[in-house]
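I opened the notebook today to look up a few places in this model, going from single residues to the sheet and the nonpolar cores. The entries follow in the order in which I looked.

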Amino acid sequence: MTNVTHDLLGAIGGVPRPDVDVVVDARDVNKYFGRLHVLKDVCLQVRRQETVVIIGPSGSGKTTFIRCVNHLEKIQSGRIFVNGHLIGYRETADRRTLVEDKEKNIALQRQEIGMVFQRFNLFPHMTALENIIEAPIHVRGMAHDQAIGMGRALLERVGLAAKETVYPNQLSGGQQQRIAIARALAMRPALMLFDEPTSALDPEMIGEVLEVMKELAREGMTMIVVSHEMGFAREVANRVVMMDDGVVVEEGAPDQVFSSPTQERTKAFLSKIL
Amino acid sequence: MSALRSYGIRSVRLAGCLFVLLIVAGCAGKTGRAGFNFDWNVFFQDLSPFSQGLLGAVYVTVVVSVLSQAIGVVLGIFAALGKMARFLPFRTIANLYIWIFRGTPVLVQLAFGFYGVGAAHLWGWDAFTLFGFKITGEIQAGIVILGINEGAYMAEIIRAGILAVDPGQTEAAKSLGMTYGQTMSRIVLPQAARVIIPPLGNEFNNMLKTTSLLFVLGVIETYNHYNIAQGQNFQPFEEFLGCALWYLLMTTIWGFVQARIERRFSRGTELSSGGGAGPRNKGFAERFMALKAPIEQ
């Protein structure tokens with residue numbers, strides 16, 4: 001797992017962007033749930049090896065936004081590029097409207113984007129190791145032996161080598177989340193999305209999950225993290241993005257955002273949680 | 001007894017049923033009105049698995065049931081997915097199929113599918129030979145029509161099973177790059193199976209008994225075998241009682257098999273924190289029966 005930032009998506013459609021160092025490029029993304037406007041012209045760029053932490057009150061659209069990045073949610077307008085490839089949609093010939101891409105192509109794009117969920121979503125009918133090797137074998141077509149070798153290495157890396165044959169419901173929340181991270185890493189993604197990975201955990205388990213994430217950031221993984229863990233953001237993030245009411249209110253280096261926020265809404269939010 | 005109970009089988013109930021049946025038979029022999037005498041000889045003779053043609057008839061019942069149920073499950077999966085499809089024509093076809101086959105008697109479907117369709121020269125149901133066995137048109141029609149009928153019932157069961165799986169599972173599978181087909185076959189359906197299998201077991205239990213309707217097509221299965229026998233010896237009490245016992249035997253054996261299958265599919269759902277999913281951990285069936293037991297007794 002050293003070469004996590006290798007060039008990807010070579011064969012997949014979309015318009016290559018000139019700047020190869022930008023992994024995620026979201027432009028004027030708009031999203032509605034019925035009449036509710038949850039994302040309002042959201043723009044965000046994430047560069048290679050960067051860790052971006054999105055903060056903001058609940059209902060601000062931060063979770064919805066990262067779900068749009070791997071097309072678990074549809075968007076109504078705007079463009080999201082990952083490694084230069086348009087996610088989830090094809091542009092029509094005049095480049096003005098978007099048509100949802102074929103399910104197969106979307107699946108191909110998602111292979112390069114790892115996602116970790118708030119509620120872990122491990123497959124309960126598979127052991128820890130089976131959870132990890134499932135996608136490499138059946139999606140990537142990796143040989144069984146090779147997948148098992150890689151899976152064991154990943155288990156070791158998240159500190160759960162002893163839990164290889166254990167089913168998820170016999171693991172603590174923190175252990176489950178570490179397995180979920182290993183499962184996402186097994187696909188060797190170019191980008192990792194974390195959707196409030198510690199929100200469903202007991203306080204004493206938060207640390208072990210954050211430790212794995214810090215390690216990942218140090219190794220140069222490109223990450224977008226939606227989190228309320230301000231300590232983690234301060235320590236690990238290259239950039240902190242504050243969202244409120246579907247809008248990116250402010251973004252900047254963690255020190256700047258936490259110590260001297262420029263926007264009133266950021267100040268109000270931080271005063272409540274810090 | 002505890003070994004039996006661990007498979008979720010009410011062995012006491014089984015013994016009780018047999019006992020009651022024999023008492024009834026015995027009483028009928030002694031105190032029957034209008035001079036009826038229960039003929040133990042004929043009863044045991046025709047109940048015996050070695051009686052002429054019986055095992056063949058039971059074999060037909062079992063094989064037809066298994067094949068029909070298999071067809072039913074496959075069609076049920078497609079109909080369930082069709083019902084949940086985003087594409088309107090799929091939904092329409094699935095709903096139409098379920099509506100028709102749940103809304104008409106299976107006896108009418110059998111008669112129409114075999115005699116009606118045959119008379120209209122739409123499909124001949126010609127006999128063919130497979131592995132040296134001659135498969136008659138009647139049996140083919142029976143298997144296919146019962147299977148199609150069953151699919152309409154399985155559709156709702158399978159749909160309920162799929163809906164019982166946490167949507168987060170689908171999202172996790174998608175986020176790993178799985179296609180719809182992979183997500184369904186590797187992640188959703190195996191988990192739905194846990195919910196589907198108890199009602200599926202009941203469906204198969206029903207199927208074993210429903211195959212008796214094939215007598216209208218002239219298939220010699222268990223019921224028809226005894227029906228023919230009572231037509232020859234004019235002893236319907238002994239013959240149909242024997243027939244009932246054979247069905248009871250088949251459904252009881254199935255009860256054992258079902259409990260084992262349910263244990264198999266409860267992998268990963270044990271609530272205990274220690275150890276792996278070994279044989280010592282309670283299965284779904286067992287926990288289910290444990291829940292039910294105090295209410296029944």
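Predicted model: local features only at pLDDT ≥ 70, side-chain atom pairs only at ≥ 80, totals over all residues.

I looked up G114(A) and found that, leaving aside its neighbours within four places in sequence, this residue is in contact (heavy atoms within 4.5 Å) with A184(A), P189(A), L191(A), M192(A) and L193(A). I place G114(A) in strand β8 (residues 113-116) of chain A, where helices (H or I, at least four residues) and strands (E, at least two) are DSSP runs numbered from the N terminus.

Residues are numbered from 1 along each chain as its sequence is written, chains are lettered from A and ligands numbered from 1 in the order in which they are written, and side-chain values use heavy atoms, with hydrogens and water left out.

I next followed M192(A), whose contacts, leaving aside its neighbours within four places in sequence, include G114(A), V116(A), I181(A), L216(A) and M223(A). Which residues have the most contacts inside the largest nonpolar core? I found I55(A), I181(A), M192(A), F194(A), M213(A) and M223(A), in a core of 53 residues (a set of buried Ala, Val, Leu, Ile, Met, Phe, Trp, Tyr and Cys residues joined through side-chain atoms within 4.5 Å). Helix α6 (residues 203-218) of chain A gives this core its largest share, eight residues. Apart from it I noted another core, of 41 residues, with A26(A), L86(A), L193(A) and L176(B) among them.

Turning to the sheet, I read an open one of four strands in chain A, in the order β2-β1-β4-β5 with antiparallel pairing (two strands pair if DSSP finds at least two bridges between them). Its edge strands, each pairing on one side only, are β2 (36-47) and β5 (85-86) of chain A. Strands β1 (residues 22-33) and β4 (residues 77-82) of chain A pair over five bridges, and R27(A) has R79(A) in β4(A) as its bridge partner.

Note on methods. Buried < 20%, exposed > 50% of the residue type's maximum accessible area, 1.4 Å probe, protein only.
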